[in-house]
Amino acid sequence: MLTAIEYLGPVGIGATAPQMFNAIDHNDNDAVKTYIVKFANNRLGAKVLVNELLALRFGKLIDICFPSGGIINIPKELVVNNRRLLIAGFTSGLHFGSRFLRGTQYLCRQNLHLAQNKSQMAGVILFDHMFYNLDRTLNRKNLLIRKEKTGYKIYAIDNSHLFRRGRWNVDWLNELKDGLTINHRRSFGLLLKHYLYPEDFISYVEAIKDISDEEIDEIINSIPQKWLPDFEERVGLKEFIVKRIDMVDEIAYSLIELIPDVHGSSDPD
């Protein structure tokens, strides 16, 4: 759990009107870190936060490059003492925070080759196809690259638009769960054409198939009741996850088919 201690201001323009806070990380010796926070009463609704938490928890199980984060408590005094938050109608309570990454650039053709963790993008691409996150490449700002001590690293951010849109219901999940929409736009296309190999996907397929029923339950149960009060929607979400895990071989094979037999036949730049 995170606890916000200082409001820093809004974060650019976005459908969920994200805000920036310093917060105490109670799982890291109470270290103070900066987080981008999406409020449960954003204009797209609390399902956006459900999507973010689902991605964070699922991503940790298979080790893909999502920033750290989690549920963040915004104390009442922080809201009532900040006119901007009051005007926007944001409320105190439990919301979702994602670690703010300083010194990033947007991932593009010119810097993709620098990344040391390109193989992790196989996991991101596979995740996005399992959960219909087309927004990863429709929005060019959802893939970042940052220079770190070990070299340049890619981070995939903003999982609010899973299931093709932020908001969903049981009928929508049932309509999506058997389908497959292939996305090889922009960075995904470059990665598949020049940098990724079948074995990159296979290792993630194996990790996903190792996810237990108990771990899926833990993901569902970690969602705050106020974010997802409908029991049938919780059941429907679990059924969707189970079905997509069952389909992971098919999804991965459809992506592997897009990888040329030999990389390097043309200049990626």
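This is a predicted model: local features need pLDDT of at least 70, side-chain atom pairs count only at pLDDT 80 or more; totals for chains, interfaces and linings use all residues.
Colleague: Why are H1 and H10 called oblique to each other?

Modeller: The axes of helix H1 (residues 47-62) and helix H10 (residues 231-246) cross at roughly 40°. Angles under 35 degrees count as roughly parallel, over 145 as roughly antiparallel and 65 to 115 as roughly perpendicular, with the rest oblique. The pair H1 and H10 is therefore oblique. The two axes come within 14 Å, and H1 passes H10 in a right-handed crossing.

Colleague: Which residues make H1 meet H10?

Modeller: On the H1 side they are Lys-47, Val-50, Leu-54 and Phe-58, and on the H10 side Glu-233, Leu-237, Ile-241 and Ile-245. By class, this contact of H1 with H10 has six nonpolar, no polar and two charged residues.

Colleague: What makes H1 and H9 roughly antiparallel?

Modeller: The axes of H1 and helix H9 (residues 213-221) cross at roughly 150°. The class begins over 145 degrees, and H1 and H9 are therefore roughly antiparallel to each other. Their axes come within 9 Å. The crossing of H1 past H9 is right-handed. From H1, Leu-54, Arg-57, Phe-58 and Leu-61 take part, and from H9, Glu-215, Glu-218 and Ile-219. These residues of the contact of H1 with H9 divide into four nonpolar, no polar and three charged.

Colleague: Why is an angle quoted together with a distance for two packed helices?

Modeller: Two packed helices are described by the angle between their axes and the distance between the axes.

Colleague: Which strands make up the barrel, and in what order?

Modeller: Five strands close into the barrel in the order E1-E2-E3-E5-E4, with mixed pairing. From one strand to the next, the twist averages 50°.

Colleague: How do you know that E1 pairs with E4?

Modeller: Two strands pair if there are at least two bridges between them. Strand E1 (residues 2-10) and strand E4 (residues 69-74) have two bridges and pair in the parallel sense. The bridge partner of Leu-2 in E4 is Ile-72. With strand E2 (residues 19-25), E1 pairs over seven bridges in the antiparallel sense.

Colleague: What makes the approach of Thr-3 and His-26 a polar contact?

Modeller: The side chains of Thr-3 and His-26 are joined at 2.7 Å, and the cut-off for such a pair of N or O atoms is 3.5 Å. Thr-3 lies in strand E1, and its bridge partner in E2 is Ile-24. Leaving aside neighbours within four places in sequence, Thr-3 is in contact with residues including Asn-22, Ala-23, Ile-72 and Pro-75. Thr-3 and Glu-199, by contrast, are 40 Å apart in space, C-alpha to C-alpha, and 196 residues apart in sequence.

Colleague: Which residues does Gly-69 touch, not counting residues up to four places away in sequence?

Modeller: Gly-69, found in strand E4, touches Leu-2, Tyr-35, Leu-56, Gly-97, Ser-98 and Arg-99 on that count. Between Gly-69 and Phe-96 the C-alpha to C-alpha separation is 7.6 Å, and these two are 27 residues apart in sequence.

Colleague: Why do E6 and E8 stand at the edges of their sheet?

Modeller: Three strands form this open sheet in the order E6-E7-E8, with antiparallel pairing. Strand E6 (104-106) and strand E8 (151-156) each have a single partner strand, so one side of each is left without a neighbour in the sheet. Neighbouring strands of this sheet are turned by 30° against each other on average, direction ignored.

Colleague: How many bridges join E7 to E8?

Modeller: Six bridges join strand E7 (residues 143-148) to E8, and the two run antiparallel. The bridge partner of Arg-146 in E8 is Lys-153.

Colleague: What makes Arg-146 a partner in polar contacts?

Modeller: Arg-146 is found in strand E7. The side chains of Arg-146 and Glu-148 are joined by a polar contact of 2.9 Å. A polar atom of the Arg-146 side chain also lies 3.4 Å from the backbone oxygen of Arg-102. The cut-off is 3.5 Å, and both values fall within it.

Methods
Residues are numbered from 1 along each chain as its sequence is written. Side-chain values use heavy atoms; hydrogens and water are left out. Axes are lines fitted to C-alpha atoms, for helices over the stretch in contact, and angles run from 0 to 180 degrees between N-to-C directions. Helices (H or I, at least four residues) and strands (E, at least two) are DSSP runs, numbered from the N terminus. A crossing is left-handed if the near helix is turned anticlockwise from the far one by less than a right angle, and right-handed if clockwise. Contact means heavy atoms within 4.5 Å. Ala, Val, Leu, Ile, Met, Phe, Trp, Tyr, Cys and Pro count as nonpolar, Asp, Glu, Lys and Arg as charged, and the others, Gly among them, as polar. A polar contact is a pair of N or O atoms within 3.5 Å; within protein, one must be able to donate a hydrogen and the other to accept it, and residues adjacent in sequence count only if both atoms are side-chain atoms.
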